[in-house]
Amino acid sequence: MSIKPLADRVLILPAPAEVKTKSGIIIPDSAQEKPLRGEVVAVGGGTKDEEMVLKEGDQVLYGKYAGTELEHEGVKYLIMRQSDVVAILG
């Protein structure tokens, strides 16, 4: 990975949005819910006040409006502070 977050930030690959309902209706991009889970692909080193507890490969849940979207080599990521992550999925 050529993106390395700084301090207490993490880089997350969001899970793909649901594009079909159970009844087979296709949902257009504009109406799709933003995914609230993803995989941590890179982490910063933490700060002296906040230890980095997330690690690469963790499946996490985050807030609906958390993070900043960025695109790198055609892939969309979110970068956010560790404190914006609400849970690690076990």
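Colleague: Why is D58 called buried?

Modeller: This is a predicted model. D58 has a relative accessible area of 8%. Buried means under 20%, so D58 is called buried.

Colleague: What makes D58 and K55 a salt bridge?

Modeller: The closest N and O atoms of D58 and K55 are 3.2 Å apart. The cut-off between a side-chain nitrogen of Lys or Arg and a carboxyl oxygen of Asp or Glu is 4 Å, so the pair qualifies as a salt bridge.

Colleague: Is K55 buried or exposed, and how do you know?

Modeller: The relative accessibility of K55 is 52%. Exposed means over 50%, so K55 counts as exposed.

Colleague: How many salt bridges does a search of the whole structure find?

Modeller: The search finds 2 salt bridges. One of them joins D8 and R81, with the closest N and O atoms 2.7 Å apart. That distance is within 4 Å, so the pair meets the definition.

Colleague: Why can D8 and R81 be said to tie parts of the chain together?

Modeller: D8 belongs to the segment before β1, whereas R81 belongs to strand β5; the parts tied by this pair are therefore 73 residues apart in sequence.

Colleague: What are the burial classes of D8 and R81?

Modeller: D8, at 7% relative accessibility, is under 20% and therefore counts as buried. R81 has a relative accessible area of 36%. This value lies between 20% and 50%, so R81 is partly exposed.

Colleague: Which residues does D8 touch, leaving aside those up to four places away in sequence?

Modeller: D8 touches G46, T47, E50, M52, M80, R81 and Q82.

Colleague: Where does Q82 lie, and why is Q82 called buried?

Modeller: Q82 lies in the loop between β5 (75–81) and β6 (85–89). Its relative accessible area is 7%; buried means under 20%, so the term applies to Q82.

Colleague: What makes the pair Q82 and E50 a polar contact?

Modeller: The side chains of Q82 and E50 are joined at 3.0 Å. The limit for a pair of N or O atoms is 3.5 Å, and the pair is within that limit, so it is a polar contact. The side chain of Q82 also reaches the backbone nitrogen of L54, at 3.3 Å. Beyond four places in sequence, the residues touched by Q82 include D8, R9 and M52.

Colleague: Which residues make up the largest nonpolar core?

Modeller: This core has 12 residues in all: V10, I12, V40, V43, M52, L54, V60, Y62, A66, L78, M80 and V85. At least two of its residues come from each of β1, β2, β3 and β5. Another core, of 5 residues, lies apart from it and has I3, V41, A42 and Y77 among its members.

Colleague: Which residues are in contact with V60, leaving aside its neighbours within four places in sequence?

Modeller: Among them are I12, V40, L54 and V85; L36, R37 and G38 are also in contact with V60.

Colleague: What makes the phi of A7 and of E73 worth noting?

Modeller: Most residues other than glycine have a negative phi. A7 has a positive phi, near 50°, and E73 has a positive phi of about 55°. A7 is found in the segment before β1 (9–14), while E73 lies in the loop between β4 (68–72) and β5.

Colleague: Why is E73 called exposed, and which class does A7 fall into?

Modeller: E73 has a relative accessible area of 71%, which is over 50%, so E73 is exposed. A7, at 30%, lies between 20% and 50% and therefore counts as partly exposed.

Colleague: How do you know that G45 is exposed?

Modeller: G45 has 71% relative accessibility, and exposed means over 50%, so G45 counts as exposed. G45 is placed in the loop between β2 (37–43) and β3 (59–62). Beyond its neighbours within four places in sequence, G45 is in contact with A7 and M52.

Notes: Residues numbered from 1 in each chain as written. Predicted model: local features only at pLDDT ≥ 70, side-chain atom pairs only at ≥ 80, totals over all residues. Heavy atoms only, no water. Helix = DSSP H or I, 4+ residues; strand = E, 2+ residues; numbered from the N terminus. Buried < 20%, exposed > 50% of the residue type's maximum accessible area, 1.4 Å probe, protein only. Polar contact = N/O pair within 3.5 Å; in protein donor to acceptor, adjacent residues only side chain to side chain. Contact = heavy atoms within 4.5 Å. Core = buried A, V, L, I, M, F, W, Y, C linked by side-chain atoms within 4.5 Å.
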